[in-house]
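Student: I'd like a close look at just one part of this model, please. Pick whichever part you like and stay with it.

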Amino acid sequence: MTQSKSIPELTERICGSCAMANIQIRKYRDEDAEIVKELFTLGMSEHVPSSFTHILKRPLTQMLLMCTFCALITSSKSFLLPVLAVTLLLAGFRQMVIYMFNKYIETSLSKDLNNISETYLQQKDSCFWVAESDGRVVGTVACLPAESAPEFMELKRMSVRRSHRGMGIAKALCRIVADFTRERGFPAVILYTSVVQTDAQKLYEHMGYTKTREFVVPELAAKILNFTLFEYRLDLQQNKERD
Ligand SMILES: CC(C)(COP(=O)(O)OP(=O)(O)OC[C@H]1O[C@@H](n2cnc3c(N)ncnc32)[C@H](O)[C@@H]1OP(=O)(O)O)[C@@H](O)C(=O)NCCC(=O)NCCS
């Protein structure tokens, strides 16, 4: 295990590298609970439209819509019925996407995000940080030993308010997790993101993470929609992080 700086020292140094001078990163406090939940919910909900588009772009979806349309137009000789059926199918897909995201959001809000202090701040190998701009929480990140591979640290709950994106806040949050992980003696950080979270993929690749696995979420709705998750990994022993 490497002995280096304490977390307060780390926080100060990392904030110094943020593009905006008035951004500060600090540990979570209980009074942040509601705004953290709001940031997480907004950050996740914004992926509903792109997930729907992603599903529509799948050849299998297009084939299903086409076959339904053709089968109904030839069998019923009516134009209205196939149009209605395709519209219903589209509405069904959209509802499935909304259901999948809502379920994930509700599960997260009722688990770790319902008790952040207990989940992240009471053990030495986990932490939750917020980024503050002019006293307002505009970003979050957390980490704890990965459930499926406790030898690695898992980065979780990365989210930055839309109005504060593109300022380097997420990069600073990534760095604080990497430094914390190194300080605690873990060899790597892992994280999960999805096929539609393209900004997050760019961010992690920019920070030196490499994609190690792709898999479909083991949930019925996700399986039907073929919703893929990516596992990323930052190997701290190879010092891959770029700026
Ligand atoms: C992903 C997210 C956290 C990025 O936050 P951010 O503060 O805007 O990111 P940064 O300003 O630190 O940008 C970091 C890097 O990410 C990449 N990046 C981020 N957003 C990007 C975009 N819209 N287009 C292209 N690259 C982007 C770039 O490489 C950028 O570095 P650069 O500006 O030097 O090129 C933010 O978009 C977000 O909160 N999204 C919704 C929630 C979410 O999906 N979280 C991820 C959970 S796994």
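**Helix H5 and its partners**

Tutor: H4 and H5 cross in a right-handed way, meaning that the near helix is turned clockwise from the far one by less than a right angle. Residues are numbered from 1 along each chain as its sequence is written. This is a predicted model, so local features need pLDDT of at least 70, side-chain atom pairs count only at pLDDT 80 or more, and totals for chains, interfaces and linings use all residues.

Back to that pair: helix H4 covers residues 59–76, and H5 takes in residues 80–110 (helices are DSSP runs of H or I, at least four residues, numbered from the N terminus). Their axes are 8 Å apart at about 155° (lines fitted to C-alpha atoms over the stretch in contact, with angles from 0 to 180 degrees between N-to-C directions). H4 and H5 are therefore roughly antiparallel (over 145 degrees; 65 to 115 is roughly perpendicular, under 35 roughly parallel, and the rest oblique). On the H4 side, the contact uses Leu65, Thr68, Phe69, Leu72, Ile73 and Ser76, and H5 answers with Leu81, Pro82, Ala85, Val86 and Leu89 (C-beta atoms, placed from the backbone, within 7 Å). That contact has nine nonpolar, two polar and no charged residues (Ala, Val, Leu, Ile, Met, Phe, Trp, Tyr, Cys and Pro are nonpolar; Asp, Glu, Lys and Arg charged; the others, Gly among them, polar).

Now for H3, residues 48–56, whose axis comes within 10 Å of the H5 axis and crosses at roughly 135°. H3 and H5 are therefore oblique to each other, and their crossing is right-handed. Here Val48, Ser51, Phe52 and Ile55 of H3 meet Phe93, Arg94, Val97, Ile98 and Phe101 of H5. This contact splits into seven nonpolar, one polar and one charged.

Then there's H2, residues 33–45, packed against H5 at about 160° with the axes 10 Å apart. H2 and H5 are therefore roughly antiparallel, again with a right-handed crossing. By class, that makes six nonpolar, three polar and one charged residues.

Notes. Helices (H or I, at least four residues) and strands (E, at least two) are DSSP runs, numbered from the N terminus. Two residues are in contact if their C-beta atoms, placed from the backbone, lie within 7 Å.
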